[in-house]
Every structure is written in structure tokens, then in C-alpha cells.
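Dear colleague,

Please find below the structure that I am handing over to you.

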Amino acid sequence: MARERLYLFDTTLRDGAQTNGVDFTLNDKLAIARMLDDIGIDYVEGGYPGANPTDTELFGHDRALDTTFTAFGMTRRPGRSTSNDPGLKALLDAKADAICFVAKSWDYHVRVALETTLEENLASIRDSVRAAKAKGREVLLDCEHFFDGYKANPKFALACAKAAYEEGARWVVLCDTNGGTLPHEVEEIVGAVVKVIPGDHVGIHAHNDTEQAVANSLAAVRAGARQIQGTLNGLGERCGNANLVSIIPTLKLKPDFADKFEIGVSDAKLTGLLHVSRALDEMLNRAPNRHAPYVGESAFATKAGIHASAIVKEPATYEHVAPDTVGNRRKLMVSDQAGRSNVLAELERIGLKVDKNDPRIGKLLDVVKEREATGYAYESADASFELLARRVFGKVPNYFDVVQFDVNVEQRYNANGQRVTVSMAVVKVRVGEETLISAGEGNGPVNALDVALRKDLGKYQSTISGLSLTDYRVRILNSGTEAVTRVLIESEDETGERWTTVGVSPNIIDASFQALMDSIVYKLVKAGAPA
Ligand SMILES: [Zn+2]
């Protein structure tokens with residue numbers, strides 16, 4: 001039997017951007033949009049053109065994505081015409097494939113918040129959908145507070161949805177804006193809506209205020225809705241939005257959904273889900289939720305004992321799905337056997353051919369465990385792990401030694417009387433028989449150190465000239481009694497390849513230096529530079 005298509009709509013960049021403490025730059029937004037596009041999300045809502053400079057700029061250019069890139073904004077204001085509403089104009093002018101309008105569908109809000117009549121609200125929906133259609137855009141209507149509105153005045157809530165559908169909106173999205181609706185209510189109300197509007201034109205947008213946004217989304221699909229809106233890692237204001245990182249594997253792996261529906265995310269892309277989830281956390285400099293379903297560090301972790309021995313024999317005894325389907329791994333804590341298989345899988349990934357009985361595997365495992373206990377995070381630092389592994393197996397040449405480095409930070413006033421902070425670093429390296437001394441200036445000590453270190457590496461200079469640092473993240477960890485600093489550095493080379501390295505130390509400069517060194521050595525190894 002042919003499976004029905006379910007559409008996924010991501011609003012991480014719009015609703016997710018409402019999260020406390022989240023402030024996406026233009027580059028963040030583009031990187032997230034590319035990631036979502038790559039895994040096969042049908043719609044990516046980019047933001048609110050005209051509302052702030054970042055979103056205006058984002059919608060000022062074409063982005064070359066396959067996903068339907070969507071702009072969000074309000075329907076025309078009450079009492080104005082579509083041609084005389086600057087907010088609507090910005091939305092219609094945005095370079096977007098689709099426009100998602102938000103409109104009131106709760107009579108209480110129309111009276112109290114909009115201070116207009118129910119009829120004018122309906123006219124505003126119709127006029128706005130018509131104007132966007134005339135511009136050749138695909139149109140969606142977010143019916144704000146739909147479920148609360150339906151409970152208060154079902155006739156009016158439905159009239160709002162119908163007005164958009166009849167005017168040609170591709171999707172009418174039912175929003176649980178306050179997030180207080182329960183799954184059985186969602187199922188019942190969506191069931192009533194799809195009698196009036198075909199379910200393949202109905203979407204669900206659930207907030208997580210009773211921790212049921214995922215359940216509510218699935219309930220809506222059971223009742224007939226065919227679009228799900230949500231965010232990566234459930235980002236969103238208050239308690240967040242429906243978490244697509246939980247919804248996607250559920251739709252793909254649970255037969256009740258998988259047998260009936262098809263989504264744009266392939267099995268192969270599903271295995272990249274963990275990476276997508278972690279990449280967002282890294283971008284936000286947030287510690288990943290260890291207990292996140294499917295992708296959390298602990299999602300497939302079992303303590304040693306009877307569970308663990310059963311899991312080794314038959315994984316299905318204690319796992320609801322296979323961890324590798326979402327890119328996660330089974331973790332049997334305290335059991336060397338599990339650690340071994342993890343390390344073996346990593347060695348295979350980086351292309352190191354090792355006999356599985358090689359005693360050095362145990363040695364590498366010990367080093368990783370020891371270092372992770374002090375704060376290293378090899379999960380996030382692929383390149384540092386690779387170097388560590390290659391060192392244990394004796395395969396990293398000693399390209400150069402840093403004999404000494406010195407960094408200073410100076411605060412002074414410039415000629416204009418402004419306070420400036422400048423840093424200078426001097427690095428002494430030995431490359432073969434040669435001793436090289438370089439100085440570098442930067443806006444901070446790490447920057448100065450990086451400039452000095454990469455200024456002159458003698459015969460290796462041409463190999464590292466295309467190297468650049470693309471991200472630098474710091475996290476303070478409490479390890480035992482003292483605080484230590486973990487630095488993660490992301491680098492890129494002239495081929496566009498990116499890798500991450502890690503350093504840990506009570507001293508932030510030292511931690512940064514370790515990560516910088518790993519980055520350079522990794523590049524030399526990758527380039528096959530001779531010792
Ligand atoms: Zn929302």
C-alpha cells in the first residue's frame with residue numbers, strides 16, 4: 001500500500017529563536033537552514049522579515065536550498081488595506097518560497113488584543129492570503145490559539161481556518177499557542193477540523209507547556225493532520241515547541257506511523273540526527289541534554305549488571321529501537337566490552353586498520369576514559385580523538401616542538417582616548433634543526449597566540465596556509481574540586497573540510513593552546529606532510 005506523505009516544518013529559526021538566551025546570527029541561521037535542508041525537512045521557517053536586521057538580511061538573498069524556505073509575519077492589520085501595510089509589504093517582498101501568516105482564531109483575542117470585529121479578522125485573513133498568492137507564494141496560515149479558540153467558539157475558529165483554505169492557502173496550521181491542550185483534546189478537535197478542511201491541508205503547531213507537544217503532534221496526525229511543525233531539540237519560548245528530533249525517529253521507526261506515512265528524511269539521513277542535534281547545541285554553546293530521547297548520551301546507556309549482559313546477547317531486550325538508526329551508540333557503562341566496540345567503530349570511521357585483538361585498543365580506551373574524566377570531550381572533537389588514536393598506534397610524526405610561548409594582555413587608551421585591549425604573543429618553535437621565533441598581535445590572547453603560532457612553521461608553512469579557525473567555544477567545567485576550562489576549536493581548510501579539536505586546563509590560554517596545536521597537527525597529518 002502506498003504510504004501517505006507527511007510534511008515536516010521546522011521553525012527553529014523563528015519560534016526557536018524566541019528561546020531565552022538564544023540569539024542567532026545570520027551565519028548561524030544559514031548554517032542551521034543548510035543542516036535542515038540536508039536532512040530533508042520540507043519547510044524551513046527562516047524568520048520574520050522586516051522585524052529585525054538579521055531576518056531582513058536573511059530574506060534579502062537567495063539561499064539555494066531545496067527546502068521550501070518560509071517567511072513568517074502577520075496578516076494585514078485591521079482597518080488597513082493590503083497595499084497600505086508596511087509589515088505586510090516587507091513580507092510580500094521577502095525572497096521566500098512560502099509565506100506563513102499568523103492570524104487570530106480565538107474570538108476573545110480578536111476583541112481584546114486586536115480590538116476589532118470578528119468579520120474584519122476574517123477579511124484580513126482572506127485579503128492577506130490573496131495578496132501572497134498573487135505574488136506567487138505558497139501560503140500557510142498559522143491559526144493562533146486555535147484549540148483554546150475552538151473550545152470557546154468553534155464556529156469562529158473554523159471560519160478563520162476555512163477563510164484561508166478557501167482563498168487558496170496550501171496549509172492551515174492549528175496552533176496550540178499556550179501549550180495547554182492535551183492529546184485527547186487535540187485528537188478530537190483536529191478530527192472535527194478535517195471534516196471541513198481536507199487533512200492533507202491541515203498542520204499542527206504544538207507548544208510544550210504540559211510536556212506533551214510531541215504527543216499532541218502525533219495525536220493530530222492520527223486525527224488526520226498531515227503537516228507537523230516543530231523545532232530542533234524542542235527549542236522555543238517558555239517550555240519549548242514540539243521537538244522534531246524526537247518526532248522524526250518516532251515517525252520513521254514506529255510501525256504505527258512508519259507503515260502509513262512517508263517523510264522527507266531518508267533512513268540514511270536519520271543516522272545523522274544525533275549530529276544535527278549536537279551541532280545546534282554546540283552553536284548555542286549549550287550542554288546537550290544527556291537524557292534526550294533517541295539522541296541523548298544516556299538514551300541507550302545501561303549500567304552494568306543483568307541488563308547489560310542481556311543487552312550484549314540480544315539488544316532488543318532493553319532497547320526500544322536500535323541506537324545506530326539515529327546515529328547514537330549503545331553504552332554499557334563500566335563494561336570494557338562496550339567501550340571497546342565504540343572505539344573499534346571510531347577507528348574504522350577514521351580509517352585506521354587495526355586487528356580487533358590488538359592490545360593497544362585497551363590502552364587507547366584507558367587513555368580516552370582517563371582524559372574524559374578530566375574534561376576532554378572526544379565526542380565533540382573528532383580530530384583530537386583521531387590524533388590520540390594515531391598516537392597510541394604510533395602513527396603521528398613529531399612535526400615540530402613549541403619550545404616556549406609568552407602572551408601578554410595590555411589595556412591602554414588610544415589616541416582618541418578610547419579604552420582598547422590588545423594582546424601580543426611570542427612563540428618559539430623548533431622544526432627539525434631550525435628554531436623559529438614569531439610574534440603575533442590580536443584582539444585577545446588566544447587570537448594573538450594563533451597568529452604567532454601559524455606565522456612561521458618553516459617547511460610546513462605552505463601546508464597550513466589555508467587553515468582558518470571558524471569557531472571557538474569555551475565551557476567551564478567542575479571537575480573534582482577545581483574548575484577547569486574546556487576549549488573546543490573548529491577549523492576549516494582550503495578544501496572546505498572542517499574539524500574540531502579540544503583542550504582542557506585550569507588555564508584558558510593553555511586549554512586554547514592545546515586545541516590550536518591539535519588543529520595544526522591534524523591538518524599536517526591529513527595533508528600527509530613528511531616528518
Ligand atoms: Zn509557536
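Helices α5 and α7 are roughly parallel to each other, because an angle under 35 degrees counts as roughly parallel, one over 145 as roughly antiparallel, one of 65 to 115 as roughly perpendicular, and the rest as oblique. Their axes cross at roughly 20° and come within 8 Å. An axis here is a line fitted to C-alpha atoms, for helices over the stretch in contact, and angles run from 0 to 180 degrees between N-to-C directions. Helices (H or I, at least four residues) and strands (E, at least two) are DSSP runs, numbered from the N terminus.

The model is predicted: local features need pLDDT of at least 70 and side-chain atom pairs count only at pLDDT 80 or more, while totals for chains, interfaces and linings use all residues. Residues are numbered from 1 along each chain as its sequence is written, and side-chain values use heavy atoms, with hydrogens and water left out.

The crossing of α5 and α7 is right-handed (clockwise; a left-handed crossing has the near helix turned anticlockwise from the far one by less than a right angle). On the α5 side, the contact (heavy atoms within 4.5 Å) is made by Leu118, Asn121, Leu122, Ile125, Arg126 and Val129, and on the α7 side by Phe156, Ala159, Cys160, Ala163 and Ala164. These residues divide into nine nonpolar, one polar and one charged. Ala, Val, Leu, Ile, Met, Phe, Trp, Tyr, Cys and Pro count as nonpolar, Asp, Glu, Lys and Arg as charged, and the others, Gly among them, as polar.

Helix α5 (residues 118–134) also lies across strands β5 and β6, running at about 175° to β5. These two strands belong to a barrel that eight strands close in the order β2-β3-β4-β5-β6-β7-β8-β9, with parallel pairing. From one strand to the next, the twist averages 25°. Helix α3 (residues 86–93) packs on the sheet as well, touching β4 and β5, and its direction makes about 175° with that of β4. Strands β2 (residues 7–10) and β3 (residues 43–47) run parallel and are joined by two bridges; two strands pair if DSSP finds at least two bridges between them. Asp10 has Val44 as its bridge partner in β3.

Val214, Ser217 and Leu218 of α9 meet Ser246, Ile247, Thr250 and Leu251 of α10. By class, this contact has four nonpolar, three polar and no charged residues.

Is Ser246 buried or exposed? Ser246 is buried, with a relative accessible area of 9% (buried means under 20%, exposed over 50%, and partly exposed in between, with a 1.4 Å probe and protein chains only). Leaving aside neighbours within four places in sequence, Ser246 is in contact with Val214, Pro293 and Tyr294.

Gly442, in strand β15 (residues 434–442), is likewise buried, at 13%. Apart from neighbours within four places in sequence, Gly442 is in contact with Val422, Ser423, Asn447 and Ala448.
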